[in-house]
Amino acid sequence: MRFKARYVLAGELEVVENGVVEVDDSGVVVGVGKYTGGVAADLGNVVLMPQLVNAHVHVLDAAIMDRDDLYIDDLVGWPHGVKYHVVKGLVRRGRHVPLLKKVAQRMRSYGVGCAVIYAEYAARDVEEVFRQYGIEAVVFQEAHGDFPNYPNVQVASPLDHPVEYLKELRRRYRLVSTHVSETSDCHEGGDLELALKALDADVLVHLVYVTEEEIAQIPPHKAVVVNPRANAYFVGRIAPVHKLLHLKPLLGTDNVFMNEPDPWAEIKFLHAYSSAAGWALGEREILSMATVWAWEKLRCSPPIEPGKPLRGLAVAAPYTGNKVLKFLVKRTSHRDVIAFIEGGRLLQAWH
């Protein structure tokens with residue numbers, strides 16, 4: 001099967017004009033290049049790009065939609081935050097699955113192909129529901145001083161638990177994650193040191209207050225995730241993304257109760273903030289945070305290149321000119337998502 005598009009974002013998001021992508025019978029890409037003729041499914045005036053990644057999202061907290069009347073720790077802090085009481089009760093009554101379906105459906109409509117999800121409870125239900133909607137979910141079950149029966153775990157903060165418990169989590173589980181330095185008090189409490197030395201976390205989320213010296217201590221193979229809109233809203237500042245670029249940071253939308261889990265909105269916000277702050281983040285870097293860098297870090301959303309399964313997104317490109325990446329970063333929304341390409345299958349998007 002061959003797919004032709006006005007633009008293809010190949011490999012590390014290199015723009016191929018009048019591009020074609022060929023896949024074999026198993027849906028794996030065997031060739032990417034300029035179209036020179038022959039039979040191909042013509043996608044039209046679109047950008048064929050990797051599907052989006054939402055690299056940090058709390059989906060169950062949709063149960064407390066638009067609760068923003070309390071300090072962040074009172075809302076979502078373990079163990080006494082409002083969300084824990086509400087969500088635990090929802091799961092206990094078996095009423096969480098319909099809510100998960102609504103969230104998954106909306107996230108898929110935004111062009112999300114992979115999500116890194118923090119599940120306070122019911123991780124297996126989260127994984128299954130998102131799979132039903134075509135989203136590969138890398139789920140972390142929250143550990144509350146116990147040892148969950150799930151391969152990946154997270155703790156809300158390493159400051160919440162004894163060092164020996166953190167070390168035991170690392171020993172037992174495949175992937176471990178935690179929030180780091182989201183607030184000034186957590187940063188002052190030394191949460192990054194605990195996350196690196198005791199928990200040895202694979203995924204570090206937020207990093208709002210980290211210093212350059214602390215950034216230098218983070219091993220390059222770790223996945224770091226920033227959540228600009230949530231951090232700006234709750235604590236009035238965002239992570240120093242321009243100083244994290246060597247770590248290839250990923251982009252998340254964080255709390256569903258406050259943020260719509262739409263990566264396009266996150267991309268636009270970061271682009272505008274970067275310009276205002278004088279960070280000069282490139283469009284390719286921002287798009288990479290929401291797509292191909294997640295493949296390198298977590299095997300989430302493969303790039304469009306030979307040897308990788310094709311999980312593409314056809315995005316309308318009505319007037320890109322020669323600035324395709326800038327158009328995607330500044331102007332694209334979920335309404336421009338035309339179709340998903342899964343191997344050799346073309347699936348129409350729905351909004």
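1. Domain bounds here come from an automatic or database domain assignment. On that basis the chain splits into domain 1 (2–50 + 301–348) and domain 2 (52–298). Bear in mind that this is a predicted model: local features need pLDDT of at least 70, side-chain atom pairs count only at pLDDT 80 or more, and totals for chains, interfaces and linings use all residues. Residues are numbered from 1 along each chain as its sequence is written, and side-chain values use heavy atoms, with hydrogens and water left out.

2. The C-alpha centres of the two domains sit 28 Å apart. Domain 1 puts 25 residues into the contact and domain 2 puts in 24 (contact means heavy atoms within 4.5 Å).

3. About 2,200 Å² is buried between domain 1 and domain 2, with 65% of it on carbon and sulfur atoms. Buried area is the accessible area (1.4 Å probe) that two parts lose on being put together, summed over both. On the domain 1 side, Leu13, Ser301 and Val329 lose the most area to domain 2, together 29% of what that side buries.

4. Now the charges: the rule finds four salt bridges across the interface (a side-chain nitrogen of Lys or Arg within 4 Å of a carboxyl oxygen of Asp or Glu). Glutamate 283 also forms a salt bridge with lysine 326, where the closest N and O atoms are 2.8 Å apart.

5. Which element gives the most to the side of domain 1 that touches domain 2? Helix H13 (324–330), with five residues. Helices (H or I, at least four residues) are DSSP runs, numbered from the N terminus.

Notes
Helices (H or I, at least four residues) and strands (E, at least two) are DSSP runs, numbered from the N terminus.
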